[in-house]
Amino acid sequence: AMKEVLTRDIKKVPTLRGKTVVNLFFEPSTRTRTSFEIAGKRLSADVINFSAATSSLTKGETLKDTARNIEAMVVDAVVVRHSASGAVRYLARELDVPVINAGDGAHEHPTQGLLDIFTIRERKGSVEGLKVAVAGDIAHSRVARSGIHGLLKLGAQVVVAGPPTMVPPDIERLGVSVASSVEEVLGEVDVVIMLRIQMERQSSPLFPSLREYSRYFGLNMEKLKSVSRDLLIMHPGPVNWGVELSPEVAYHPRNVILDQVTNGVAVRMAVLYAIIGG
């Protein structure tokens with residue numbers, strides 16, 4: 001229903017008229033912040049974008065005080081992204097208004113997991129019984145964690161692939177299997193979700209070179225030649241072209257990356273409606 005709204009000439013419904021949503025982002029974002037803003041506006045909410053760089057955080061104000069002051073302005077929900085794992089849960093305990101997780105450190109990114117699953121269901125009809133590969137920097141990826149939890153919950157099999165330094169040693173406890181390269185699993189999976197290297201969360205280099213990383217854990221047209229089945233190629237963005245994906249893959253018919261972006265608006269509309277639309 002939410003995606004149908006996006007196809008109309010007038011892409012707006014009055015569902016959240018009179019509600020105020022604040023995007024409280026303490027990390028850079030293009031897709032998540034913009035899609036939450038568009039999602040709120042499509043539902044007729046008033047959406048305020050908070051900028052950490054021009055706020056009193058630069059004067060020493062704490063995260064808690066910032067959030068409580070925003071809440072005191074009588075808002076209906078805050079959407080939070082923060083570099084610290086657990087920051088969103090902390091604010092959810094401190095505030096009385098709903099707090100929506102837009103990504104916290106290397107912990108979770110729930111709405112990305114939801115939109116990825118929605119995109120898979122849209123193309124495949126069901127998630128149950130599918131085999132999904134998640135490849136790249138697993139250890140530092142909040143997208144990987146949320147995706148793995150959701151996919152397993154809906155009956156998919158998940159295999160992860162990445163350099164040993166980027167795969168948590170106990171990840172199999174989550175119910176996933178581990179492959180030594182992307183190429184090893186391409187012929188047997190229905191979906192591959194490629195992840196970028198989270199350089200900003202690494203204190204020291206975890207692989208010899210980008211060239212070697214791309215050779216074993218990147219996806220290019222040569223590797224895709226041997227794949228005959230209807231594989232979906234996904235990526236949460238931003239893409240580092242030439243590293244995890246070769247530029248030619250951008251035009252591959254199995255690439256659904258921009259579909260993910262479109263579905264992100266619809267999914268975040270649904271999240272806002274479910275939380276503050278009653």
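Biologist: Starting with V74, is it buried or exposed?

Modeller: V74 is exposed, with a relative accessible area of 67%. Exposed means over 50%, buried under 20%, and partly exposed in between, using a 1.4 Å probe and protein chains only.

Biologist: What am I looking at, and how are residues numbered?

Modeller: This is a predicted model, where local features need pLDDT of at least 70, side-chain atom pairs count only at pLDDT 80 or more, and totals for chains, interfaces and linings use all residues. Residues are numbered from 1 along each chain as its sequence is written, and side-chain values use heavy atoms, with hydrogens and water left out.

Biologist: Where does V74 lie?

Modeller: In the loop between α3 (63-72) and β3. Helices (H or I, at least four residues) and strands (E, at least two) are DSSP runs, numbered from the N terminus. V74 is not a glycine, yet its phi is positive, near 65°. Most residues other than glycine have a negative phi.

Biologist: What about S44, buried or exposed?

Modeller: S44 counts as buried, at 14% relative accessibility. Its phi is positive too, near 75°, and S44 sits in the loop between α2 and β2 (46-51).

Biologist: Which residues does the cis peptide bond join?

Modeller: G237 and P238, with omega about -5°. P238 is in the loop between β9 (232-234) and α10.

Biologist: Changing topic, what are the domains?

Modeller: Domain 1 covers 2-105 + 261-277 and domain 2 covers 110-245. Those bounds come from an automatic or database domain assignment. The C-alpha centres of the two domains are 27 Å apart.

Biologist: How many residues are in contact between them?

Modeller: 16 residues of domain 1 contact 13 residues of domain 2, with contact meaning heavy atoms within 4.5 Å.

Biologist: And what area is buried?

Modeller: About 1,200 Å², with carbon and sulfur atoms giving 52%. Buried area is the accessible area (1.4 Å probe) that two parts lose on being put together, summed over both. R31, N263 and V267 supply 37% of what domain 1 buries against domain 2, more than any other three residues.

Biologist: How many salt bridges cross the interface?

Modeller: Two, by a rule that asks for a side-chain nitrogen of Lys or Arg within 4 Å of a carboxyl oxygen of Asp or Glu.

Biologist: Which elements supply the side of domain 1 that touches domain 2?

Modeller: α2 (31-42), β3 (77-82), β4 (99-104) and α10 (257-276) each supply at least two residues. α10 gives the most, with five residues.
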